[in-house]
Amino acid sequence: MGKSLISGAVGAALQMEGQRVGLLDADMQGPTAARLSGAEPASLQVTEDGTEPVKARTGVRVMSMELLLKEGAPLTWHGPEADSFVWRGAEEHRALREFLSDVAWGELDWLIVDLPPGTQRMLDLIELCARATVVGVTIPSEAARSSADRALRLVRGRKARLLGIVENMAGYVCDGCSKTRPLFAGSAGRRLADAHGVPLLGRVPFDPSAAELADAGDLEAMLTATTAGAAVLSVAKRLIQEVDSA
Amino acid sequence: MKFLCVDCDEQMQLEERALPGDGTLVAAFRCPRCESVVAMLTNPMETRLVSSLGVKIGGEEVPDQPLQGVRSSMSGGREDAFTDEPIPASTTAVRWSVEAVERLNGVPRFVRGMVKRLYVEYARERGITEVTPAVMDQARSDLGLEGM
């Protein structure tokens, strides 16, 4: 839960740390990365290098199906309705491949790929990018741990590097006293990190003020003025350390 | 996908392709030696599946362009999602020799843009104004891309 917000916020935090960041929204059916990043829908410029991504307010370069679809329109493909399950996945796989290869990302330190729920798109990505590195995002509950554990085992089975775990919704930031109170039972982040021998990169609490700022596309304010934002900044610093020490 | 004339051991050439508009596709192929002709018909589902896998039968329907698959297959997209007028590219300062372009065209299309950018950035960083096969060889060696 909350993978897109974590992806966008971590991307913005890395950019604030002086890194060059791209954000690829691989959730073709439920794209939100552009809106969360404050990237205004604009006609995408086509150059000899490819299609230029949109720049978010934080400077992160964003590519998302959201930028191509009409407001509120679902993603559909030309073709016969009958048996569309046969080729729909292939179309989305091709879209991911083109977002990787045909977008003029320029020189980046990080290309963050926000994956949809499930494992199919993650496997597509690992197939397309041999060096793909995965960060697991979970909430504290046992049900989430079990689901994330299966996905992470799949990742490791494909020899992709698992960089660490982020626990999202790790408590609730009280509006009144600003203290973080328990929200979900469990410690999925710690347990997953231990089980897979990777660091727990951080625990990000649910913070209504952060959610409000993210909804408004103001990740910079979210990162600098909220408890959840501070936790995300800490995750970003830890990510840089992990990659630098590899 | 290719068709082979078994008797002549020759690759058959595309003779004709037709898109009747109902989602089906008809293509005819002729053996250049014995003139035998075979025809292939795909139903709408097969046509869509083959297209989504990036297989092109008998040439292009739309010009080669970035995000071509998405642009040609997606419905419900914004009319103004892309600008028709390309802006000057940052890579135009680096020219490509004919031989280098031919070699680049041998790279699978889905990674070609990425590979091209690597060479252009390599050239630009070193003040090289034209990418040639020799520059490509040197870049592969310097960047550790021998496997690409």
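1. Let me start in chain B: Glu16(B) has Ala28(B) as its bridge partner in β4(B). One residue along, Arg17(B) is bridged to Ala27(B) of β4(B). β3(B) and β4(B) (residues 25-30) are antiparallel and share 5 bridges. Two strands are called paired if DSSP finds at least two bridges between them; strands are DSSP E runs of at least two residues and helices are H or I runs of at least four, numbered from the N terminus.

2. Before going on, some ground rules. This is a predicted model, with local features needing pLDDT of at least 70 and side-chain atom pairs counting only at pLDDT 80 or more, while totals for chains, interfaces and linings use all residues. Residues are numbered from 1 along each chain as its sequence is written, chains are lettered from A and ligands numbered from 1 in the order in which they are written, and side-chain values use heavy atoms, with hydrogens and water left out.

3. Back to that sheet. It is open, has 3 strands in the order β3-β4-β5 (chain B), and is antiparallel. β3 (13-18) and β5 (37-42) of chain B sit at the edges, each pairing on one side only. Direction ignored, neighbouring strands are turned by 20° against each other on average, with axes being lines fitted to C-alpha atoms.

4. β4(B) and β5(B) are joined by 6 bridges and run antiparallel. Their hairpin has 6 residues between the strands, and Glu35(B) in the turn has a positive phi of about 70°. The β3(B)-β4(B) hairpin also has 6 residues between its strands; there Gly21(B) takes a positive phi near 100°.

5. Chain A has an open sheet too, with 4 strands in the order β4-β5-β1-β7 and mixed pairing. Its edge strands are β4 (54-55) and β7 (110-114). β1 (residues 21-25) and β5 (residues 61-63) of chain A run parallel, with 3 bridges, and Leu24(A) has Met63(A) as its bridge partner in β5(A). Helix α1 (residues 3-16) of chain A lies across β1 and β7 of chain A, at about 170° to β7(A), on a scale of 0 to 180 degrees between N-to-C directions, with helix axes fitted over the stretch in contact.

6. Now the interface. Counting contact as heavy atoms within 4.5 Å, 44 residues of chain A touch 43 of chain B. About 3,700 Å² is buried between the two chains, 56% of it from carbon and sulfur atoms; that is the accessible area (1.4 Å probe) lost on putting the parts together, summed over both.

7. Which residues form the salt bridge between the chains? Lys70(A) and Glu79(B) do, with their closest N and O atoms 3.4 Å apart. The rule wants a side-chain nitrogen of Lys or Arg within 4 Å of a carboxyl oxygen of Asp or Glu, and it finds 1 across this interface. Over all chains the count is 19. Another case is Arg121(A) with Asp124(A), at 3.4 Å, N to O; both lie in helix α4 (residues 120-128) of chain A, 3 residues apart, about one turn of the helix.

8. One more link between the chains is worth a look: β6(A) and β6 (residues 74-75) of chain B pair in the antiparallel sense over 2 bridges. Here Trp77(A) has Met74(B) as its bridge partner.
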